[in-house]
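Subject: Structure for you to look at

Dear colleague,

I am passing on the structure below, and I would be glad if you could read the notes that follow with it open beside you.

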Amino acid sequence: MEQGYVQVYTGNGKGKTTAAVGLAVRAAGAGYRVFFGQFLKDRPCCAASALADRFEEIEVRQFGSGKGLLLGRKEEADDRACAQEGFSRCEEAVRSGRYDLVVLDEINPAVSLGLVSQEQLLALLAARPASVEMVLTGRGACGPVLQAADLVTEMTERKHYFQKGVPARRGVEL
């Protein structure tokens, strides 16, 4: 890429990771190399599997502890270790010159939970080579990250069938 920018997809609505997946596919279709790092996630999902299996230009890595998302359970030391390892891997991807697009999926909640520091993320954004596009996803993006971004999209939930008891569906939410 000639010029890369920092994009943030945040908010309580559905579609943040899906938007990042779509951008990764578009970039791969244009011949760009993509690193897609998923924080807090440790189980294969349809989108990540499709990216890894169908696009040789896209490398997908998950940085979860194997205990599931931090929903309803307390953070443990290995959650922090996995997030830090993931952040190091993402830093390497950004600085390596091998990738045109680097996605840090669910980095915003990882920062909110204190698994990765806001300072670490801001330092990486500041050190990003000008040709690398970065996408940061997840609820709760902090003010300084929003300020550092070139594009911010907030997904707003107006209505969701989950509230009617519909569980997450394979190929749609999973």
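To begin with one of the helices, helix 5 (residues 118-127) lies across strand 1 (6-10), strand 4 and strand 5, and runs at about 160° to strand 5. Helices (H or I, at least four residues) and strands (E, at least two) are DSSP runs, numbered from the N terminus, while axes are lines fitted to C-alpha atoms, for helices over the stretch in contact, with angles running from 0 to 180 degrees between N-to-C directions.

Please bear in mind that this is a predicted model, in which local features need pLDDT of at least 70 and side-chain atom pairs count only at pLDDT 80 or more, whereas totals for chains, interfaces and linings use all residues. Residues are numbered from 1 along each chain as its sequence is written, and side-chain values use heavy atoms, with hydrogens and water left out.

The strands form an open sheet of six, in the order 3-2-4-5-1-6, with parallel pairing; two strands count as paired if DSSP finds at least two bridges between them. Strand 3 and strand 6 (151-154) stand at the edges with a single partner strand each, so one side of each is left without a neighbour in the sheet. From one strand to the next, the twist averages 10°. Helix 3 (residues 77-96) packs on this sheet, touching strand 2, strand 3, strand 4 and strand 5, and its direction makes about 165° with that of strand 2.

Strand 2 pairs in the parallel sense with strand 3 (residues 58-63) over six bridges, and Q38 stands opposite Q62 there. With strand 4, strand 2 pairs in the parallel sense over five bridges, V34 standing opposite L101. Six of the six residues of strand 2 (residues 34-39) are buried (under 20% relative accessible area, with a 1.4 Å probe and protein chains only), so this strand is largely enclosed by the rest of the structure. V34, F36 and Q38 point one way from strand 2, and F35, G37 and F39 the other way.

Strand 4 is also joined to strand 5 (residues 133-137), by four bridges and in parallel, with V103 opposite V135. D105 lies in strand 4 (residues 101-105) and is buried, its relative accessible area being 0%. Apart from neighbours within four places in sequence, D105 is in contact (heavy atoms within 4.5 Å) with T17, F36, G37, Q38, F39, K41 and T137.

With best wishes

Note on methods:
Buried means under 20% relative accessible area, exposed over 50%, partly exposed in between (1.4 Å probe, protein chains only).
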